[in-house]
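Subject: Structure for your review

Dear colleague,

Please find below the structure that I am handing over to you. My notes on what was found in it follow directly after.

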Amino acid sequence: MAAMAPGGASSSEIYKGNASRLLLPTWVVIGVFLLVPVALMATYSFLTKEFRGGVIWEFSLAAYDQFFLDRGLFGDEPPKIEWTYITIFWRSIWQAGLATILCLLIGFPTAWFIATRDARMRTVWLLVVTVPYWVNLLIRTVSMKFLIRDEGPLNAMLLWSGLIDQPLGLINTNLAVQLGLFYSYLPFMVLPIYAAVERYDFALSEAAADLYAGRWTTLRLVILPVVKPGIIAGCILVFVPSLGAFLAPDLLGGAKSFMIGSLIEEQFKGAAGNWPFGAAAAMILMTIVMIVLLVYARSQTREAKA
Amino acid sequence: MTGTVINIDRVVKRFGTFTALHEVSLDIAENEFFTLLGPSGCGKTTLLRCIAGFEPVSGGQIRLHGEDIAPLPPFKRPVNTVFQHYALFPHMTVLENVMFGLQRLGWSVVDAEGRAKQALELVHLSQFLKRRPGQLSGGQQQRVALARALAPEPKVLLLDEPLSALDLKLRQAVRMELKQIQRETGIAFVFVTHDQEEALTMSDRIAVMSDGHVQQIGAPREIYEAPANRFVADFIGETNLIEVPVLGISDGMAEVSLPGGGTLRCPTPLSRAVGQGILSLRPERIDLCPASEADLTVIATDQVYLGTDIQLKAQLEGGQEMTIRLQNAEATRLPERGTQVGLRLEAGAARLLSA
Amino acid sequence: MKQLDLRRFPGFFAITLLCVVVLYAPLMVVSVYSFNASTSITNWGGFSLDWYVDVFTGPESPKFQRAAMNSLIIAVLAGLCATLIATSAAVAMHRAGRFKGKTATFALINLPLMVPEVVTAVASLIFFTAIGFSGGIGTILLAHITFCIPFAYLPIAARMQSVPDSYEQAAMDLYATPWEAFRLILLPLMMPGIFSGFLLAFIISLDDFLITNFVKGAGVETLPTAIFGAVKQGIKPNIMAISTLMLGVSVVFVTLSWLIGRSGQAKKP
């Protein structure tokens, strides 16, 4: 108590006034190589496209126009809403959402199970669940592709066992993409929920049981509301990277599972070569993500105040 | 007592708009065990940190042997600290911890090791030289912290509630030892605590602080028997504070009228007559007596059994509550609840303070 | 009568097992098939180390070796730079008290985590093209340092938070100058965090495909971009051998960082 002086001036005086010198490298590096590029990207989304990549420095709303409006083949018809790209975005949100739900359905019981082990087994289980995350994402995705291909070991095994008489046809489906996203980001769901469950006071469960609540009623009415912050954090940590993911949809999904990441990549690396349009799509993606994060931050501060 | 080692002269410390120390002045003598006592938030730790140099003062001077040390950083002050949670460097052995200060002062490794071993001997820890602090018990860590702070032979040793992290039994044993080490080394100790028993048992002098002010400075007996004001009387030990009309004051003695009639002469720090005063009555200096010899008559309301003592709750005429502490002797006869009881005030029981 | 255990829910253990199976099955299968003697990736033709030999001596080996070398150089340098920058930032954020722009700085440090990877990739490509950096190891390195900073910062700041500043105050009380207090006390106590920070940044750099693929320019490959290029032509057994080797490296690193994290905890008082 007494060591903490009022006003929070307890930190040692050594580094007082040196903050800006110590932070200069951080400001410069992230400022120049992230903040400035993002600002430049925002600018590019309002410029005119140069064929075969690049831009002409002339203001234009063409990129956003192309994204949202359909003016016919020759651009002379009255504008209607263009569904192509909105559909891709909507599909991405849908896919990322389903992947998040999949992660939650598997991740919550897993996190719960781990958090209720004794201290030593807990670290072992945590390690077991997190080790795959440290394996290169590309390699994990390729492995998944190898496993679930029509000619792959999974189908071979199921065919051999007689459970199915023709390959499942998993590859190049939305389900394959969700599986890939689940595989990519599962630890992001498990870890925050685990942290929340570890802090959960089991006397609450006892009190609920004492007041005639069954196991599942307790889960629904007591446990889930108490660990909710962990669940929400997990969902955001899975949803946000899933939304802009590139590898899983590209390697595991087919043409019908085309997602934002691939759409943007195509504008810069592929044949399409429309930089302002790619920049505009990236801006829209970033806006969606920032809105999600902002809503989350708001709810956090509201929770902290309550 | 010889000369003054530390002279604190109208020291002010502000944190933003909050003033933690209001023009605090006090002197600490060489060879003295000096205690800063007060409730949490009273400014005692802040004052200690100002002396150590961790907090720059907002005004006033801190003189060490007459030289102003307020502008000096902590590593240039010949003053060492025993921290509340010891702050033993966890990555160094016990010996390395104790050698640390000496080496910073430029001692050779050999000399520093010799002195460090001496310091550890002083606190009876010579067998743990190669251990890490994490492998020691709380009491042992406390001794290492003491040895580490004593090794450079500071002019003043500052102790920030060093016993608060120990359990009760250990705390009582360490008190005596600390006092003994202070006598042996002859270094002035400035000891911060919120525990009045600790302060009373160890100190040569105590400064009682509250709200950034020094309320009273004096020897333990003086502080307890002759509190300067209502705060000190209330904070040190138990007391009954009763509002009374003051009849007159002269030569340090006051005449007050008691609830239910009768007058009382008692000592007071006040020099001028005031209309109303606060009468402090120490509960252990009050005894039961027949109504005819009583200074005060009360109605017994409740009793609390405390083992060595029995606490009697009573109501004065006019409704004020008070407590009397009786020794739990075989012969103690307790009055029934609701009956009238006569009370005799023994010498030193009463003191008049300003309202 | 069996005691009602409020911690247990029927089926949770089964789901955990399912989870572990899903996590490990693909990696296991690829590891097993990397020892397949057959050139077919479908049929099992007996155990062999042919594909590992192929990785180091085969016709494609120079390409992959150069890519691996690039990846390693970039990961080490990006890890080191990000760790240095993050350490300095952590000292400022946790030791310099309150200062103007602290909240903004905290947001800035975490910005690379919040901006979607593909957006960072696009923005970097546009930026580097605009200033005339046409790719190459230097460009990749700059991009990697940037997104590695928050990953290095996380464990360093966490460690720093657990080191009370009373240690440094005690050091200064014992006549250590501010520089000595940093070098002899704070730095050694932060070391486990700094090491974890470096490992994390190193692995994150090694892991990156998307940003690298955007900024690398023609002719320069890192291991992930080289593997991606090869996989586009179909999964060949040598890719599985490389994958298995990288899996091994990852497992070694995780174990290492786990052990270091544990020793760091043991040292805490």
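I begin with a contact between two chains: A:Asp250 and C:Lys232 form a salt bridge, in which the closest N and O atoms are 2.7 Å apart. Please bear in mind throughout that this is a predicted model.

The interface of chain C and chain A

On the side of chain C that touches chain A, helix H1 (residues 12–33) of chain C supplies the largest share, 17 residues. By residue type, that side of chain C divides into 69 nonpolar, 13 polar and 9 charged residues.

As for the extent of the interface, 91 residues of chain C are in contact with 85 residues of chain A. The area buried between the two chains is about 8,300 Å², and carbon and sulfur atoms give 80% of that area.

C:Thr105 has its place in helix H4 (residues 102–114) of chain C. Is C:Thr105 buried or exposed? With a relative accessible area of 3%, under the 20% limit, C:Thr105 is buried. The side chain of C:Thr105 makes a polar contact of 3.2 Å with the side chain of A:Trp27. Leaving aside residues up to four places away in sequence, C:Thr105 touches A:Leu23 and A:Trp27 in chain A, and C:Met93 and C:Phe99 in chain C.

A:Ala279 is placed in helix H12 (residues 275–305) of chain A. A:Ala279 counts as buried because its relative accessibility is 0%. Which residues does A:Ala279 touch, not counting those up to four places away in sequence? They are A:Met41, A:Tyr44, A:Ser45 and A:Phe268, together with C:Ile126 from chain C. A:Arg140, by contrast, is 139 residues from A:Ala279 in sequence and 29 Å from it in space, C-alpha to C-alpha.

C:Ala230 is found in helix H10 (residues 223–232) of chain C. Its relative accessible area is 5%, and C:Ala230 is therefore buried. With residues up to four places away in sequence not counted, C:Ala230 touches C:Phe64 and C:Ile239. Between the C-alpha atoms of C:Ala230 and C:Ala157 the separation is 39 Å, the two residues being 73 residues apart along the chain.

Aromatic pairs

How many aromatic pairs does a search of the whole structure find? Over all chains, the search finds 42. One of the pairs is A:Tyr200 with A:Phe202, which is edge-to-face, with 5.1 Å centre to centre and 85 degrees between the planes. A:Tyr200 and A:Phe202 are both buried. These two residues also belong to one aromatic cluster, formed by A:Phe108, A:Trp112, A:Tyr200, A:Phe202, A:Trp216, C:Phe9 and C:Phe12.

In chain B, B:Phe54 and B:Phe83 form a tilted aromatic pair, 5.7 Å centre to centre and with 40 degrees between the planes. B:Phe54 lies in the loop between helix H1 (44–52) and strand E4 (59–64) of chain B, and B:Phe83 lies in the loop between strand E6 (79–82) and helix H2 (94–104), so the pair ties together parts that are 29 residues apart in sequence. B:Phe54 counts as buried at 6% relative accessibility, and B:Phe83 is buried with a relative accessible area of 8%.

Chain B

The secondary structure of chain B comes to 8 helices and 20 strands. Its C-alpha atoms fill a box of roughly 80 × 45 × 40 Å along the principal axes. Of the 355 residues in chain B, 51% are buried. Among contacts in chain B between residues at least 6 apart in sequence, 65% join residues at least 24 apart.

Why is helix H1 of chain B described as largely enclosed by the rest of the structure? The reason is that 9 of the 9 residues of this helix are buried. Among them are B:Lys44 and B:Arg49, as well as B:Leu47, B:Leu48 and B:Ile51. Just after helix H1 of chain B, B:Gly53 takes a positive phi of about 105 degrees.

Yours sincerely

Key:
Residues are numbered from 1 along each chain as its sequence is written. Chains are lettered from A and ligands numbered from 1 in the order in which they are written. This is a predicted model: local features need pLDDT of at least 70, side-chain atom pairs count only at pLDDT 80 or more; totals for chains, interfaces and linings use all residues. Side-chain values use heavy atoms; hydrogens and water are left out. Contact means heavy atoms within 4.5 Å. Buried area is the accessible area (1.4 Å probe) that two parts lose on being put together, summed over both. A salt bridge is a side-chain nitrogen of Lys or Arg within 4 Å of a carboxyl oxygen of Asp or Glu. Helices (H or I, at least four residues) and strands (E, at least two) are DSSP runs, numbered from the N terminus. Ala, Val, Leu, Ile, Met, Phe, Trp, Tyr, Cys and Pro count as nonpolar, Asp, Glu, Lys and Arg as charged, and the others, Gly among them, as polar. Buried means under 20% relative accessible area, exposed over 50%, partly exposed in between (1.4 Å probe, protein chains only). Rings of Phe, Tyr and Trp (its six-membered ring) pair if their centres lie within 6.5 Å; planes under 30 degrees apart count as stacked, over 60 as edge-to-face and the rest as tilted. A polar contact is a pair of N or O atoms within 3.5 Å; within protein, one must be able to donate a hydrogen and the other to accept it, and residues adjacent in sequence count only if both atoms are side-chain atoms.
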